[in-house]
Amino acid sequence: MIDFSLRADHPSNTKTDVVAVAVHEGQKLSWAAQDIDKASKGALAAAVKAASFAGRAGAVLPLFNLTGVSAARVVVYGAGSGNALSAKDARATGRALASCAVELEQAELTVFPLAEGAVDAMQQMVLGVSDATYRFDETKGTSTKPKPALKRVRFGMPEAAAKAAPAALKNAVAMTHGIEFTKYLGNLPANHCTPTRLGDEAKKLAKSHGLKVTVMDRKAIEKLGMGSFLSVTNGSEEPPRFIVFEYSGGKKGDAPTVFVGKGVTFDTGGISLKPAGDMDHMKWDMSGAGTVFGVMKAVAELKPKQNIVGLVVACENMPSGRATKPGDVFKSMSGQTIEVLNTDAEGRLILCDALTYAERFKPKAVIDIATLTGACVVALGSHNAGLFASNDKLADDILAAGKKMNDRFWRMPLEEDYQEALNSNFADMANVAGREGGAITAACFLWRFTKKYDWAHLDIAGVAYKGSGKEKGATGRPVAALVDYVMASEK
């Protein structure tokens with residue numbers, strides 16, 4: 001894990017393995033680049049010109065043998081044409097600088113952000129560095145485990161940003177810890193990451209971070225009357241778990257924010273079996289649960305003065321002789337009955353009981369996170385997660401956090417007109433409607449269980465993981481946005 005910190009040296013006299021300074025388009029030097037250029041008697045500007053470095057955001061240029069500079073290496077990074085880096089460009093710059101340091105086999109990188117927007121850029125660079133250096137090695141043979149050379153990243157902040165920098169860095173580092181934990185759980189194969197394993201990981205997290213946790217087994221879940229949740233577990237040999245995290249940073253009796261995560265550790269679709277192609281992706285169907293784990297880890301490190309609850313519903317969805325059949329009817333914890341027309345629409349069946357359970361906390365807001373529908377991926381692709389909300393302020397606050405952290409959401413409609421498609425002749429509702437507006441009708445199903453509090457639903461099916469290529473794996477989204485949402489409410 002990378003060690004992040006602040007330092008107060010001038011760029012030219014910073015003793016480090018790699019010092020990184022910015023150059024804008026048009027080869028305009030930033031304040032930090034000017035300092036190094038002066039110390040090197042114009043060598044930096046000359047090298048940038050000779051290399052025809054365009055200053056495009058996200059581009060890097062390693063320079064060698066600059067005299068008058070204390071750092072062993074100087075790397076120039078592009079700052080674009082504006083006075084400040086956007087969140088997206090700052091994140092990309094962090095990735096590029098970390099990758100460059102690793103390629104140069106250097107252990108310490110010191111970055112000097114632009115004077116304008118330095119604090120926000122630093123936060124994004126921390127997340128970018130984490131992205132670039134994250135590795136999942138648990139299921140690889142020991143001989144293949146890579147060890148990134150980069151160990152430490154320091155930030156030299158301009159004077160105007162010095163006061164705000166420590167708190168911002170602390171927030172960003174906690175976010176990376178949460179994101180990396182979410183990635184770790186998501187990338188575990190389903191024969192490793194079972195509901196039982198999630199329960200065990202919850203106990204370990206609670207013990208190491210001072211959280212209260214309750215892990216319920218099937219008997220306890222049955223006692224709660226969670227018939228909808230249990231209907232999904234019928235076909236699996238793996239026992240389900242219902243996990244309740246509690247962080248008490250606020251006053252006793254203060255209404256908590258409740259996060260609810262879908263934790264289907266493997267989803268075959270059940271009797272409504274999925275196609276074989278890309279079914280390996282379904283180990284990531286617990287990404288909502290992984291997000292809750294990551295948020296609780298970060299929150300416990302940051303210790304905000306508020307109460308936070310995390311609920312995780314964990315199970316497998318498997319076909320067998322005992323599996324739920326299309327047309328079966330079950331009673332949810334709320335007392336409402338559900339006709340299961342498609343067993344592959346299982347996420348809403350486990351979440352609805354958790355949303356009913358959330359009522360007992362008298363929450364100020366409930367946010368559920370789930371890889372819920374392929375329809376949301378069709379609608380929004382892999383850049384924005386879907387956001388549905390029963391309260392405009394809650395929606396606006398989540399959207400603002402997503403924009404700030406480059407962890408974006410797009411608000412989707414939540415309207416009663418869509419509810420009619422969920423009507424059933426044999427139960428209070430069906431678990432699916434037609435193909436049209438599939439992500440919306442899924443949200444409308446959950447909405448029926450959230451009438452006693454303000455609620456938002458995040459459909460992260462398109463953003464929680466990358467399914468192919470060299471970056472295949474969990475992304476850790478939207479941990480950063482949700483942690484920022486929590487911390488913003490402190491202000």
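Analyst: Two strands are taken as paired if DSSP finds at least two bridges between them. The model is predicted, and the description below applies to it as such.

With that criterion, strands E12, E13 and E17 form an open sheet of 3 strands, in the order E12-E13-E17 and with mixed pairing. Strand E12, residues 328-331, and strand E17, residues 429-430, are the edge strands, each pairing on one side only. Strand E13 spans residues 337-340 and is joined to E17 by 2 bridges, the two strands running parallel. Within this part, Glu339 lies opposite Ala430 of E17.

The volume of the largest cavity is about 70 Å³. Its lining comprises 13 residues, of which Ser231, Val232, Asn317, Thr324 and Thr343 are the closest to the centre. By class, the lining consists of 7 polar residues, 5 nonpolar and 1 charged.

Thr257 counts as buried because its relative accessibility is 2%, and the cut-off for buried is under 20%. Leaving aside residues up to four places away in sequence, Thr257 touches Asn307, Ile308 and Val309, together with Lys364, Ala365 and Tyr485.

Terms used. Residues numbered from 1 in each chain as written. Predicted model: local features only at pLDDT ≥ 70, side-chain atom pairs only at ≥ 80, totals over all residues. Heavy atoms only, no water. Helix = DSSP H or I, 4+ residues; strand = E, 2+ residues; numbered from the N terminus. 1 Å grid on protein atoms, 1.4 Å probe; cavity = no way out; pocket = protein on both sides within 12 Å on 5 of 7 lines; lining within 4 Å. Points joined across faces, edges and corners; volume = space filled by probe spheres on them. Nonpolar A, V, L, I, M, F, W, Y, C, P; charged D, E, K, R; others polar. Buried < 20%, exposed > 50% of the residue type's maximum accessible area, 1.4 Å probe, protein only. Contact = heavy atoms within 4.5 Å.
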